[in-house]
Amino acid sequence: MNRKTKQLLTANNELEKELTAENNRAMTDIVVYLRAANITEYQQELLRRDITEMVLAGQRRGDAMEEVIGADYKAFCDAVLSEVPERTGRQRLLSAVGSACLYVDILAVIWLVFGAVGWLLGEGAWPWLTVTAGNLVALAAILAASIGLVEYICKNSFAENLGKSKAIPVLLVLLVAALVAGSVLLREVVVFRLHFFLAAGLVAALYALHRFLEEKAD
């Protein structure tokens, strides 16, 4: 997310504070739905601002949100999105790689913390970190489940029975199964070892790469 988008996001957050609690809940569903749209983050925030201003104008007149944008919020969003140019293939690729860098980075930080705790407890040999096949399976499983879960929730933000959906429990069960399989069956299969400070440097580099790619994708 570049600086221009961040500034607009901050302004939108402030603008939404003027909404009533009911309108704010509905706008949250709209914003979540927009996050799954194939448009840039800046375009998402532009649409968010325009819709919020429409709702606020109606709110000041005493009109309900349904009277301003219609009762079918999803249809309204789809109609608005149809007028916005989609991201190019290059933008989608940059955004996907940038997001993957961030997800991996977060998991790598957790891995580093656990590695440091392990050393304090007398496990492993300082300053080397062991990467097992189980670690890699767990990484892939967490990434797949996280991306799938976020995508599903965003695309179904208007669904009344989202909490009762079978898709979410299935994803969680698959995630747990992969984690168990990785930790039990593959924990002793060493793939490579990394020096702690090299691993820390890679974590920093991944975050920098994430910021760079997100900047270019927006």
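Which residues of α5 are buried? The legends below take up that helix and then other close-up views. This is a predicted model, in which local features need pLDDT of at least 70 and side-chain atom pairs count only at pLDDT 80 or more, whereas totals for chains, interfaces and linings use all residues. Residues are numbered from 1 along each chain as its sequence is written, and side-chain values use heavy atoms, with hydrogens and water left out.

**View 1. The buried residues of helix α5 are Tyr 73, Phe 76, Cys 77 and Leu 81.** Buried here means under 20% relative accessible area, exposed means over 50%, and partly exposed lies in between (1.4 Å probe, protein chains only). Helices are DSSP runs of H or I with at least four residues, numbered from the N terminus. These four residues cover an arc of only 130° around the axis, which puts them on the same side of α5; the arc is that of the directions from the helix axis to the C-beta atoms. An α-helix has 3.6 residues a turn, so residues three or four places apart point the same way. The buried residues of α5 pack against α2, α3 and α4.

**View 2. In the largest nonpolar core, which has 21 residues, Met 27, Ile 30, Met 65 and Leu 81 touch the most other members.** A nonpolar core is a set of buried Ala, Val, Leu, Ile, Met, Phe, Trp, Tyr and Cys residues joined through side-chain atoms within 4.5 Å. Two or more residues of this core come from each of α2, α3 (41–61), α4 (65–69) and α5 (73–81), and α2 gives the most, with six residues. Apart from this core lies another, of eight residues, among them Leu 112, Leu 129, Leu 194 and Ala 199.

View 3. Not counting residues up to four places away in sequence, Met 27 touches Glu 16, Leu 19, Arg 48, Ile 51, Thr 52, Val 55 and Met 65. Asn 23 is found in helix α2 (residues 21–35) and, with a relative accessibility of 8%, counts as buried. With the same exclusion of residues up to four places away in sequence, Asn 23 touches Val 55, Gln 59 and Met 65.

**View 4. Ring pairs link Trp 119, Phe 196 and Phe 197 into a cluster.** Rings of Phe, Tyr and Trp (its six-membered ring) pair if their centres lie within 6.5 Å, and planes under 30 degrees apart count as stacked, over 60 as edge-to-face and the rest as tilted. The structure holds two aromatic pairs. The rings of Trp 119 and Phe 196 have centres 5.4 Å apart and planes at 70°, so this pair is edge-to-face. The pair links distant parts of the chain, with Trp 119 in helix α6 (residues 89–120) and Phe 196 in helix α9 (residues 196–217), 77 residues apart. Phe 196 and Phe 197 are also edge-to-face, at 5.5 Å centre to centre and 85° between the planes. Trp 119 is buried at 15% relative accessibility and Phe 196 is buried at 16%, whereas Phe 197 is exposed, with a relative accessible area of 55%.

**View 5. The structure holds zero disulfides, a disulfide being a pair of cysteine sulfur atoms within 2.5 Å.** The sulfur of Cys 77 is 12 Å from the closest cysteine sulfur, in Cys 154, too far for a bond. Cys 77 is buried at 1% relative accessibility, and Cys 154 is buried with a relative accessible area of 11%.

Conventions
Contact = heavy atoms within 4.5 Å.
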